[in-house]
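Welcome, and take a moment to look over the structure below. The report then walks through a few of its features, one at a time.

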Amino acid sequence: MEGFSTDYILERIANMEDGENSQSDFFQIGMVKEDAPEDLKDLVALAGTVIGMDYADLGENGYDAYGVYSFLPDNENDPCRTLSIVITLTDQVDSVGIYDMYQVINQINVRIPCGAFVLSDDEKTLYYKNYVQLPKALDNEATTQNVGVRVFDSVACITDWIDVLMGLNDGSMSYDDCINRIQTFAESID
């Protein structure tokens, strides 16, 4: 049984941009510019094809984010392929409020249906990470529908919480403001 094409799925993700508030880039082995960041070159070398998506005007305060979509290397014995979704909110986390940031991230992560907000090991980058298992046996159209829902869920999660996370980071919201907003959101869905 023939399954889906990873390049086709990634092209469809690139086409999910709304044109007004996002822009996508398609990276493949041999097509990455020499002056590209080393981590992008390494990811393309590992994954083969990577979609980079600039998101603009997210949340109430119009924050920007950068998404990276790629498939993890295939394990031929696994009946699924894994799509990696990593959306960076900032690479300039304020170290002064790092303890509060961890607390707020934890409060949000227990409330979201998929993925998680994460700080990098060096505590400078805040990103959202989600992995999606896609059955290899599905065709391109069925997989595209599945991926579309997962990408939408991930971007919706960012949109819901970017004001709280970036507000804490840039000082426009206090820790107490963030916790109150999280609790208000939780009460609104109960």
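Let us begin with Glu123, which is partly exposed because its relative accessible area is 30%; buried means under 20% relative accessible area, exposed over 50%, and partly exposed in between, with a 1.4 Å probe and protein chains only. This is a predicted model, in which local features need pLDDT of at least 70, side-chain atom pairs count only at pLDDT 80 or more, and totals for chains, interfaces and linings use all residues. Residues are numbered from 1 along each chain as its sequence is written, and side-chain values use heavy atoms, with hydrogens and water left out.

Glu123 sits in the loop between β5 (116–119) and β6 (126–135). Helices (H or I, at least four residues) and strands (E, at least two) are DSSP runs, numbered from the N terminus. The phi of Glu123 is positive, near 60°, although Glu123 is a residue other than glycine. Asp57 is not a glycine and has a positive phi of about 60°. Asp57 belongs to strand β2 (residues 49–58), and it counts as partly exposed at 48% relative accessibility.

Now to the rings. How many aromatic pairs does the structure hold? There are 3 aromatic pairs. Rings of Phe, Tyr and Trp (its six-membered ring) pair if their centres lie within 6.5 Å; planes under 30 degrees apart count as stacked, over 60 as edge-to-face and the rest as tilted. The pair of Phe4 and Phe71 is tilted, because the ring planes are at 35°, with the centres 5.9 Å apart. Phe4 lies in the segment before α1 and Phe71 in strand β3 (residues 63–71), so this pair ties together parts that are 67 residues apart in sequence. Both Phe4 and Phe71 are buried.

Trp161 and Phe185 form an edge-to-face pair, 4.8 Å centre to centre with 75° between the planes. Here the pair ties together parts that are 24 residues apart in sequence, because Trp161 is in helix α4 and Phe185 in helix α5 (residues 175–189). Trp161 is buried, with a relative accessible area of 3%, whereas Phe185 is partly exposed at 29%.

Leaving aside neighbours within four places in sequence, Phe4 is in contact with several residues, including Ile9, Phe71, Arg81, Leu134 and Thr143; contact means heavy atoms within 4.5 Å. Phe4 and Glu141 are 137 residues apart in sequence, yet 8.1 Å apart in space, C-alpha to C-alpha.

Axes are lines fitted to C-alpha atoms, for helices over the stretch in contact, and angles run from 0 to 180 degrees between N-to-C directions.

| Helices | Angle | Axes apart |
|---|---|---|
| α1 (residues 6–14) and α4 (residues 140–170) | about 45° | 10 Å |
| α3 (residues 98–109) and α4 | about 170° | 10 Å |

α1 and α4, in turn, are oblique to each other. Tyr8, Ile9, Arg12 and Ile13 of α1 meet residues of α4, among them Asn140, Glu141 and Val151.

Key:
Parallel < 35°, antiparallel > 145°, perpendicular 65-115°, else oblique.
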